[in-house]
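Please work through the exercises below with the sequence and the model at hand. Each task is followed by a solution in steps.

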Amino acid sequence: MRNVLACSTISYLGHDLNRALEGISRAGFTNVELTSVPGYCEHVMPERLSQKDLNIIVDRMRSLG
């Protein structure tokens, strides 16, 4: 089994999701954990995401590699 290294968007607490994804990409990560901790770090809130919102996030992640 191959080990996979990822970075969590919680590393960018206080910044928006776009900034977190940009920083993670610039750091060389190709895997990301999207953080959803209500009241603390709400980069994504699955229960509030429409399909359109999800598509935008996926497209952004793909564009950043």
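The exercises proceed from the overall fold to single residues.

The model is predicted, so local features need pLDDT of at least 70 and side-chain atom pairs count only at pLDDT 80 or more, while totals for chains, interfaces and linings use all residues. Residues are numbered from 1 along each chain as its sequence is written, and side-chain values use heavy atoms, with hydrogens and water left out.

**Exercise 1. Fold and dimensions**

Task: Determine the order of the secondary structure elements and compare the radius of gyration with that of a compact globule.

Solution: 
- Step 1. Helices (H or I, at least four residues) and strands (E, at least two) are DSSP runs, numbered from the N terminus. The protein has two helices and four strands.
- Step 2. Read from the N terminus, these elements follow the order β-α-β-β-β-α.
- Step 3. The globule rule is 2.2 Å times the number of residues to the power 0.38, and the radius of gyration is taken over C-alpha atoms. For 65 residues a compact globule would have a value near 11 Å, which agrees with the 12 Å of the protein.
- Step 4. Along the principal axes, the C-alpha atoms fill a box of roughly 30 × 25 × 25 Å.

**Exercise 2. Contacts across the chain**

Task: State what share of the contacts between residues at least 6 apart in sequence joins residues at least 24 apart.

Solution: 
- Step 1. A contact means heavy atoms within 4.5 Å.
- Step 2. Of the contacts between residues at least 6 apart, 53% join residues at least 24 apart.

**Exercise 3. Two residues compared**

Solution: 
- Step 1. Buried means under 20% relative accessible area, exposed over 50%, and partly exposed in between (1.4 Å probe, protein chains only). Buried residues account for 23% of the 65 residues.
- Step 2. Lys52 lies in helix H2 (residues 51-63).
- Step 3. His43 is located in the loop between strand S4 (41-42) and H2.
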